[in-house]
Amino acid sequence: MSAPSGSLASLSEQLADAVARSAESVVAVHARPRLPSSGVHWRDGVVVTTEATVKRLDGITVTLPDGARIDATLIGRDPGTDLAVLRIPTGRLPVARSGDPGTLRPGHLVLALARLGDDGPRVALGTVSATGGPWRCWKGGEIDRRLQSDVTLYPGFGGGPLVDVDGRVHGVNSGGLSRPFATTVTAATVDRVAGELLERGYVARGWLGIAMHPVRFNPGARERLGLSRDAGLVVLSVEPDAPAGRAGVLVGDVVFAIDGQPVESPEQVVDLLGGGAVGRVLALDLVRGGARSRADVTVGERPRRAG
Amino acid sequence: MTAAFAAEAASRVRGGVVHLRVGDSAGGAGVVWPGGVVVTNAHVAIERRIIVRLPDGSVVEGETIWRDPARDLAAVAAPGLAALPPVEPGDAGRVRPGSLVFAIGHPWGIQDAVSVGVFHGVGPIPTGIGVPEPIRRQAWVQAAVRLAPGNSGGPIADADGRVIGVSAMIVAGLALAVPAGEVESLWRGARP
């Protein structure tokens with residue numbers, strides 16, 4: 001017998017313990033042809049997975065850690081954050097033990113878990129590569145924290161949890177958002193999106209119904225109008241029967257502030273339309289025909305694509 | 001100790017890892033098995049005469065004495081093997097998912113490179129990954145550990161340095177190895 005390897009063996013034991021604890025809440029999701037994806041039992045009777053791996057609306061099943069394969073109902077999906085929510089019977093398996101992604105620092109060891117069938121859990125190991133504050137992913141959704149790791153998300157790992165060495169779940173891994181590092185949709189965002197999907201079946205996004213482009217005022221106009229900055233956003237189009245149009249916004253208006261805050265890029269406006277913006281009134285300060293004006297726009301709900 | 005990570009366990013296993021090649025090929029790895037023979041993949045030991053580079057750097061000529069292409073295993077005899085420390089075979093069935101494992105081989109010709117990953121399980125490959133059915137159904141040590149051409153025939157070991165499998169292929173990025181127990185029973189059955 002060789003001598004035990006001390007700390008390496010104990011680290012290995014700790015990782016296997018973390019997997020044993022957290023894998024009890026990881027299921028296989030059969031919602032596409034061939035290879036399943038993974039899902040996390042986020043609340044009792046609620047499984048969260050990745051939106052992009054849900055390819056059918058009916059006939060979805062999940063494989064539980066005990067090997068049982070049961071029916072699941074699609075509650076809703078949010079392409080913006082790549083999350084989808086399924087309903088299963090309550091009381092079938094433990095709820096994932098959530099961690100605080102704010103405690104993870106670059107260099108921390110993390111595990112990606114998956115389940116592909118009625119055999120054991122699947123695991124990949126890596127380190128946290130980057131952390132940070134709120135960001136908007138390329139699919140358009142807002143995520144409360146940046147959490148990227150060098151864990152390899154093998155086929156079927158999408159929708160599985162990112163787990164720390166104590167077995168706490170910090171979020172749901174998205175293959176679709178991973179470019180090139182593995183991207184985790186962090187726990188608070190999973191909570192928020194799951195809550196909205198359970199409440200109304202989709203995530204409402206704010207909508208003004210206008211297209212805008214950055215412009216600059218010339219020094220003379222700026223001085224005459226008494227503007228503190230020279231930047232604004234010119235309205236290129238106004239959609240009929242949309243919030244901005246109803247509030248009287250016209251093509252050619254130049255918006256220079258919203259709620260008193262200067263705006264100079266369309267992204268700033270998009271940021272104002274995130275979670276909870278629907279129904280809020282935004283005060284648009286604008287220039288029309290050489291004079292200052294104002295429009296109060298009640299943020300609407302962005303029309304959703306059919307299907 | 002912690003800073004050394006896998007270095008200590010890896011250095012023990014390394015003493016039982018050889019480099020095998022045929023002709024001008026980049027070749028693969030082999031594991032010095034108890035009994036003084038090198039176990040490798042059948043797709044590495046493709047000819048009877050094979051060049052064996054021992055852990056101390058010396059090069060000897062070996063002979064392929066057994067091949068089982070269906071399980072992708074082979075055994076090679078060579079002078080000097082009896083003096084080498086054999087690896088200690090381990091039972092993959094006792095390793096838990098998420099445990100640390102490491103592979104040793106010669107990826108892209110780099111001698112005795114170590115890669116670290118985690119154990120998934122031992123058993124058939126999941127359906128839907130696109131592996132031919134007869135291969136899929138066999139028992140495989142499956143691990144998320146990075147392999148490259150040149151790792152074939154090399155060991156996958158647990159955190160205590162016990163060899164739980166002989167690396168055979170990469171499927172969907174996953175390392176697949178023939179379980180050590182199966183290596184042992186097939187080779188014992190074939191042994192002259």
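Colleague: What share of the contacts in chain A with a separation of 6 or more comes from residues 24 or more positions apart?
Modeller: That share is 61%, where a contact is two C-beta atoms, placed from the backbone, within 7 Å. Keep in mind it's a predicted model: local features need pLDDT of at least 70 and side-chain atom pairs 80 or more, while totals for chains, interfaces and linings use all residues. Residues are numbered from 1 along each chain as its sequence is written, with chains lettered from A and ligands numbered from 1 in written order.

Colleague: OK, how many helices and strands in chain A?
Modeller: Chain A has 5 helices and 23 strands, taken as DSSP runs (H or I, at least four residues; E, at least two) numbered from the N terminus.

Colleague: Which strands close into a barrel?
Modeller: In chain A the order is β8-β9-β12-β15-β14-β13, paired antiparallel; pairing takes at least two DSSP bridges between two strands. Take β14 (169-174) and β15 (182-186) of chain A: 4 bridges join them, and one partner pair is A:V172 with A:V185.

Colleague: And what does α1(A) lie across?
Modeller: α1(A) lies across β8, β9, β13 and β14 of chain A, at about 40° to β8(A). Axes are lines fitted to C-alpha atoms, for helices over the stretch in contact, with angles from 0 to 180 degrees between N-to-C directions.

Colleague: Switching to the interface: how many residues of chain A are in contact with chain B?
Modeller: 30 residues of chain A, against 28 of chain B. On the chain A side, α1(A) gives the most, with 11 residues.
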